[in-house]
Amino acid sequence: MSYQRQRSAIPVLATLLVVLLLLAGCSNTGSTTASSSASDTAASAKSITMSWPRDIGTMNPHTYNPSQLFAQSMIYEPLVSYEKGGKLAPALAESWKISKDGKVYTFKLRQNVKFSDGSDFNAEVVKKNFDAVMKHKDTHSWLGIVGVINKTEVVDDHTFRLTLTEPYYPVLQDLSVVRPFRFLGEAGFPDNGDTAEGVKAPVGTGPWMLADYKQDEYAVFKRNPNYWGKAPAIDQVTVKIIPDAETRVAAFEKGELDLIYGEGVISLDAFQQLRENDKYTTQLSDPVGTRSLLLNSSNPKLSDVRVRMALHEGFNKQAMVQGITSGLEEPADSVLSKNYPYTNIDLKPIPYSVEQSKALLDEAGWKLPAGGTVREKDGQPLEFEMIFDKTDPIQKAMAETIQAEWGELGVKVNLTGLELTVQIKRLKANDFDLYFWYNYGAPYDPHSFINVVASPGFGISETLSAIPTKKQLDEQVRQALSSTDETKRQELYRSILTTLQEQSAIIPISYIKKTAVYQKKIAHFEFPASRDDNPFEGIQVTAP
Amino acid sequence: MAGYIGKRMLSIIPIIFVATLVTFALIHISPVDPAEAYLTAAHIYPTEELLKQKRHEFGLDQPLLTQYVQMVGRMATLDFGTSYLTNQPVWKEVAARLPATVELALWSMLFSAVVSIPLGIAAAVYRNSWIDMLSRCISYLGASMPQFWLGYLLIFFFSVKLDWLPVEGRGTWQNLVLPVITLSIVLIAVYTRLLRTSVLEQMQETYVQYARVRGLHERMIMLKHVLRMSMMPLISGMGINLGKLLTGTIIVEQVFSWPGFGRYFVDAIFNRDIPVIQCYVFFAACLFILCNLLVDLVQLYMDPRISSSKGRAEH
């Protein structure tokens, strides 16, 4: 054996390693400078740093993933803005007129609005944006307005007209959502005008503009000097991309972050722990959505309203929500919370009563056999499968609690943890007994909710398919969506929500809330009215 | 020797073939239709018409064999398709994130070598001393503690409590320290024990006794002969771990917000971004093949007896 050969192998390996390291080092030079520049700028007095689990994305106002809604809403603005309680306020449209038949919407656009690059905002650019969105109608078919837009017109420089094929009352609500109907400046459009293929630059009219960005690492937003409205109190927002929730908390405790905001962005335990620490301020939002349990009425055992009602009454919602979410969610009495338009009505809550529940099951013919633990009827056991997202710890804990409580009633529940995609697939295929479901929140609800109640394919209409008044319910939904009479619409909503409450095919469990944790440096913080909007407008900071 | 190298190269072909089959099978055995996965990732409601259109676009309505041949043809030119999520070419996205992962992997390799080589040797030479005990403790720690947990502990002590190092991100050398330590502990645990055993084995060999008989100094025997021979298993271990590091820094990248390839892959899994997952599986297979080949060639270079089939079997 030649020792000479062995001796030379080690330097060869070492050289290889050094070369590779140098390569890695070289490729990193760019990010080193960019990263330090981000942290340098973040040090300014009126700036804040927050974290987000995912990269902000391509900042295209007309497409969806991977662009993050909160960031899109910082740059791009709607014609109409959604305010607290569902009030609609002028934004890029100063005013609007709706024709008597509810089919023609004429918008007076705000004058002297400029995009962040200094170009004019006018009816031409509004039409161009609408047309770019409507070119890919199928992509946006989930949004009701997309299905009814017939014509877009420039009336004059500051007047834009929208003609519908049929009346549809939530036009303004749909226009207030973060995507797809927000406005990109001329300079942002690609040469062929098709924004589905990408945008040249994120040029918007909003209060913020993207100043520095490194994919998967950070994004720095600065105030748009051309902004038409009241300038935000802070002049810079740095968003650090931190995918791991525990790391996010550590970065916050070390002072690298001023704010952690969002839904489920940190664990409930971590939130509790930060809430108990006087060094920080924490806030919980109003309900942004409802966690519900669907009881598929097309299953013959669940088609009997007495069985559904017995299940609704047969578990202690209050104790379960308190125990599992540490009070960060609120027990829900109705499918939609009262902070949406038309939903502030007094529905009779369904009380927790084990006795009443047992009596209802007996009445429905489901009896406990002597010495048995599972109720039976015609030789059939009262047994269901409950499917849940196995990556969601709250769903899993709730499923187990309900399983135990219903077990006491003589109802057997088999739990199946699934991947979210498979779970959604089974919902749409109507292949489930019991399913955890969430509504959409503001500004989508209540109209999006009643829309899925009547439209097949989303799983909700199927869940309700065997309730006796389903046809009537569908007709009421159709009328409510197309009605131009406010009072009549309110009545229809009352009737729809009352029917749903009485039928108990959708059991409301809890109202989900957003959380915010921030350093004392932030003097004022307010949750946005719309679930997807950014929270930066209201933020005020004290001098360090 | 040339024959051995030739054979070794040829054996790569069936492995690559299996790798392409596995990546192809990913689409067809997954419970989720790629067309549906695409539409879900893009937040588009999947109507039957749209699903049909997308299936046609992805070529999923073609016979399986045609689909497979087309896929292999594309992969040969590093065309892994377009990410469902970002609409960007997958290879371009992967290539943009690779440097960060390579940086982390190589520093971890280097650091673990720098720590484990002296520690392993010292543990063998001063058997049952305090240094041997220390190496044993590190090995237990490295082998038994999950990486994410170690990562959190390091962040808690060195970043939050002591305020010495940043919690997350990439950019400066300070950002590298904690992820590199987290990744290295496992490697140090393995290498130290490997080297210790190997040195002890070599010290029993006849050539060492012969050298002693010749009157060579103990230190000379150690440095000139034992160490060189003991490095063989370490080199093969490091080669295999390089592949592991380049593909498996996922958890550490997640914990330290390191913008690398692993984190990109985790996102792809959550979003069912099948082209990205396919690219990852294929890329990982190729990397492991390459690392194994590299190890074999280095070992062959150091010990040409390996090229004879007998030597190979004994090895």
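**Conventions.** I am working with a predicted model, in which local features need pLDDT of at least 70, side-chain atom pairs count only at pLDDT 80 or more, and totals for chains, interfaces and linings use all residues. Residues are numbered from 1 along each chain as its sequence is written, chains are lettered from A and ligands numbered from 1 in the order in which they are written, and side-chain values use heavy atoms, with hydrogens and water left out.

**Sheet in chain A.** I looked up the strand order and found an open sheet of 4 strands, β4-β5-β7-β6 of chain A, with antiparallel pairing; strands are DSSP runs of E of at least two residues, helices are runs of H or I of at least four, and both are numbered from the N terminus, while two strands pair if DSSP finds at least two bridges between them. The edge strands, each pairing on one side only, are β4 (93–98) and β6 (149–156) of chain A, and the twist averages 20° from one strand to the next. I then followed β4(A) to the antiparallel strand β5 (residues 104–109) of chain A, to which 5 bridges join it, and noted that S95(A) has K108(A) as its bridge partner in β5(A).

**Helix α2 of chain B.** I checked the length of α2 (residues 12–29) of chain B: its 18 residues, at 1.5 Å a residue, should span 26 Å, and the end C-alpha atoms are 25 Å apart, which agrees; the expected span is 1.5 Å times one less than the number of residues. Its buried residues (under 20% relative accessible area, 1.4 Å probe, protein chains only; exposed is over 50% and partly exposed in between) are I12(B), A19(B), T20(B), T23(B), F24(B) and I27(B). Seen down the axis of α2(B), they fall within an arc of 125°, so they line one face of the helix; the arc is that of the directions from the helix axis to the C-beta atoms.

C279(B) is in no disulfide, the nearest cysteine sulfur being that of C286(B), 9.6 Å away. C279(B) is buried at a relative accessible area of 0%, whereas C137(B) is partly exposed at 48%.

**Chain B overall.** I counted 15 helices and 0 strands in chain B, and buried residues make up 52% of its 315 residues. The C-alpha trace of chain B spans about 85 × 60 × 30 Å along its principal axes.

Definitions and conventions: Axes are lines fitted to C-alpha atoms, for helices over the stretch in contact, and angles run from 0 to 180 degrees between N-to-C directions. A disulfide is a pair of cysteine sulfur atoms within 2.5 Å.
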